[in-house]
Amino acid sequence: VTLASASAFAPAQIGQSSTQLNAFESEIGAQAPLGFFDPLGLLDDADQERFDRLRYVEIKHGRIAMLAFLGQIATRTGHFLGGDIDYAGHAFSSYPSGLAAL
């Protein structure tokens with residue numbers, strides 16, 4: 001009786017399922033314990049060309065986001081671009097930064 005009740009608390013055996021994502025397991029960024037992580041299933045039926053395109057786009061958007069963050073930090077510290085923002089003569093420094101600009 002005790003053996004049967006003890007087995008109720010034993011971890012369940014989980015089988016290793018085979019998917020097409022195993023094709024990308026050797027790519028940079030696939031690390032244990034998750035391996036290749038694609039929670040939205042964007043690469044379920046993808047080939048190497050599609051994978052490379054999505055990786056390129058992700059890197060490009062990450063770089064744009066980093067530049068936007070640095071621009072926000074520079075503006076918050078009071079560093080504004082010189083000159084006018086439009087032909088009416090409004091200067092970059094005439095606009096407040098952050099939520100004050102709204």
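This is a predicted model: local features need pLDDT of at least 70, side-chain atom pairs count only at pLDDT 80 or more; totals for chains, interfaces and linings use all residues.

Student: What makes Phe-24 and Phe-51 an aromatic pair, and why is the pair called stacked?

Tutor: Two rings pair if their centres lie within 6.5 Å, and planes under 30 degrees apart count as stacked.

Student: How do you know whether Phe-24 and Phe-51 are buried or exposed?

Tutor: Buried means under 20% relative accessible area. Phe-24 has 3% and is therefore buried, and Phe-51, at 4%, counts as buried by the same rule.

Student: Why is the pair of Phe-36 and Phe-51 called tilted?

Tutor: Planes under 30 degrees apart would be stacked and those over 60 edge-to-face, with the rest counted as tilted. For Phe-36 and Phe-51 the planes stand at 55°, with the ring centres 5.8 Å apart, so the pair is tilted. Because Phe-36 lies in the loop between H1 and H2 and Phe-51 in helix H2, the pair ties together parts that are 15 residues apart in sequence. Phe-36 has a relative accessible area of 15%, which is under 20%, so Phe-36 is buried. Phe-24, Phe-36 and Phe-51 form one aromatic cluster, and the count of aromatic pairs comes to 3.

Student: What makes Ser-26 an exposed residue?

Tutor: Exposed means over 50% relative accessible area, and Ser-26 is at 70%, so Ser-26 counts as exposed. Ser-26 is found in the loop between H1 and H2, and its C-alpha atom is separated by 8.4 Å from that of Phe-36, 10 residues apart along the chain.

Student: Why is the contact between Glu-27 and Arg-55 called a salt bridge?

Tutor: Side chains of opposite charge can pair when their charged atoms come close. The label requires a nitrogen of Lys or Arg within 4 Å of a carboxyl oxygen of Asp or Glu. In Glu-27 and Arg-55 the closest N and O atoms are 3.7 Å apart, so the pair qualifies. Glu-27 is in the loop between helix H1 (2–6) and helix H2 (48–76), and Arg-55 is in helix H2, 28 residues apart. The structure holds 1 salt bridge.

Student: Why is Arg-55 called partly exposed?

Tutor: Partly exposed is the range between buried, under 20%, and exposed, over 50%. Arg-55 has a relative accessible area of 28%, so Arg-55 is partly exposed.

Student: Which residues make the nonpolar surface patch, and how do you know that Ile-73 is open enough to be part of it?

Tutor: The patch, of about 440 Å², is made by Leu-67, Phe-69, Leu-70 and Ile-73. A patch residue needs over 30% relative accessible area, and Ile-73, which is in helix H2, has 39%, so Ile-73 passes that cut-off while counting as partly exposed.

Terms used. Residues are numbered from 1 along each chain as its sequence is written. Side-chain values use heavy atoms; hydrogens and water are left out. A salt bridge is a side-chain nitrogen of Lys or Arg within 4 Å of a carboxyl oxygen of Asp or Glu. Helices (H or I, at least four residues) and strands (E, at least two) are DSSP runs, numbered from the N terminus. Buried means under 20% relative accessible area, exposed over 50%, partly exposed in between (1.4 Å probe, protein chains only). Patches are made of residues with over 30% relative accessible area and no salt bridge: like charges are joined within 9 Å, nonpolar side chains (Val, Leu, Ile, Met, Phe, Trp, Tyr) within 5 Å. Accessible areas come from the Shrake-Rupley method with a 1.4 Å probe; for residues, only the protein chains shown count as cover. Rings of Phe, Tyr and Trp (its six-membered ring) pair if their centres lie within 6.5 Å; planes under 30 degrees apart count as stacked, over 60 as edge-to-face and the rest as tilted.
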